[in-house]
Amino acid sequence: MIKDEDFIQSKEVPGPTKEEVRCLVMCKAHISKEDVVLDVGCGTGGLTVESAQRAQEVIAIDKNPEAISLTQRNIIKHKLLEKVRLIEGDALSVLTELASFDVLLVGGSSGDLPQIISRGYEKLNYNGRLIITSILLETRVEAVEAIKKLNMTPEVVEVTIAKGKVTDRGTMMMGRNPIAIISAVKKASHP
Ligand code: SAH
């Protein structure tokens with residue numbers, strides 16, 4: 001897992017997803033060397049870079065041009081340029097133009113989460129994994145509902161990471177925001 005400080009960061013762009021959370025996302029994504037991964041809302045490129053180290057190809061989408069250029073800098077820094085296709089645009093419109101993929105990561109949706117999930121599901125290969133990282137309460141509910149509508153079973157994991165900060169008096173535990181990782185697998189028997 002790549003350290004947070006090994007990503008080039010910008011105040012204008014959210015991310016990277018923290019190392020410990022990336023770890024959980026990678027755990028649920030089960031990426032293999034043959035897989036094509038779609039990262040919706042690539043931000044700083046935290047999950048794009050992490051996925052590109054494991055997958056055949058990563059397609060990274062963001063509607064914010066600054067996120068696309070920051071992700072590009074990070075994939076160059078980690079020598080993964082040939083593995084990643086960057087697309088600037090809105091997830092819903094880009095999704096209609098894409099071929100199929102094995103893993104769909106959703107880290108940003110701007111209110112379109114149910115549609116992104118249903119449109120993404122159509123292009124997700126059988127045994128493909130869908131993973132949504134959610135910081136908002138509403139997103140958790142939307143994700144669970146959308147997954148159930150598609151006859152998949154959502155798995156919901158919520159974590160609150162606390163990291164120790166070494167001070168003169170001792171190691172102070174600093175809490176971070178709770179984040180939910182909602183995932184599902186597209187089973188072959190489902191239409
Ligand atoms: N996982 C990233 C951080 C994601 S931040 C990392 O590890 O670095 C969420 C991103 O989603 C933002 O950059 C935002 O611009 C993007 N986003 C939000 N809604 C979107 C949409 N509908 N289409 C494309 N990108 C979107």
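User: Which backbone nitrogen lies 2.9 Å from a polar atom of the side chain of Asp35?

Analyst: Happy to start there. This is a predicted model, where local features need pLDDT of at least 70, side-chain atom pairs count only at pLDDT 80 or more, and totals for chains, interfaces and linings use all residues. Residues are numbered from 1 along each chain as its sequence is written, and side-chain values use heavy atoms, with hydrogens and water left out. A polar contact here is a pair of N or O atoms within 3.5 Å; within protein, one must be able to donate a hydrogen and the other to accept it, and residues adjacent in sequence count only if both atoms are side-chain atoms. At 2.9 Å from the Asp35 side chain, the backbone nitrogen belongs to Ser32.

User: Is Asp35 buried or exposed?

Analyst: Asp35 sits in the loop between helix H1 (19–29) and strand S1 (36–40); helices (H or I, at least four residues) and strands (E, at least two) are DSSP runs, numbered from the N terminus. Leaving aside neighbours within four places in sequence, its contacts (heavy atoms within 4.5 Å) include His30, Asp102 and Arg129. Buried means under 20% relative accessible area, exposed over 50% and partly exposed in between, using a 1.4 Å probe and protein chains only. Because its relative accessibility is 8%, Asp35 counts as buried.

User: What handedness does the crossover from S2 to S3 have?

Analyst: Strand S2 (residues 57–62) and strand S3 (residues 84–88) run parallel and are joined by 5 bridges; two strands pair if DSSP finds at least two bridges between them. Ile59, for instance, has Arg85 in S3 as its bridge partner. The chain passes from S2 through helix H3 (residues 65–77) to S3, and the β-α-β crossover is right-handed. With the strands pointing away from the viewer, a clockwise path from the first strand over the helix to the second is what defines right-handed.

User: How much of the ligand's area does the protein bury?

Analyst: There are 22 residues around the ligand, the closest being Thr17, Thr44, Asp62, Ala91 and Ser110; a residue is near if one of its heavy atoms lies within 4 Å. Oxygen atoms of the ligand lie 3.3 Å from a backbone N or O atom of Cys42 and 3.4 Å from a polar backbone atom of Leu47, while a ligand nitrogen is 3.2 Å from a polar backbone atom of Lys63. Accessible areas come from the Shrake-Rupley method with a 1.4 Å probe; for residues, only the protein chains shown count as cover. Of the 590 Å² that the ligand exposes when taken alone, the protein buries 90%.

User: Which residues does the cis peptide bond join?

Analyst: Most residues other than glycine have a negative phi, and most peptide bonds are trans. With omega at about 0°, the bond joins Gly15 and Pro16.

User: What is the phi of Lys79, and is this residue buried or exposed?

Analyst: Lys79 lies in the loop between H3 and S3. Although Lys79 is not a glycine, its phi is positive, about 55°. Its relative accessibility is 69%, so Lys79 counts as exposed.

User: Where is Asn127 placed?

Analyst: Asn127 also has a positive phi, about 70°, although it is not a glycine. With a relative accessible area of 47%, Asn127 is partly exposed. Its place is in strand S5 (residues 124–134).
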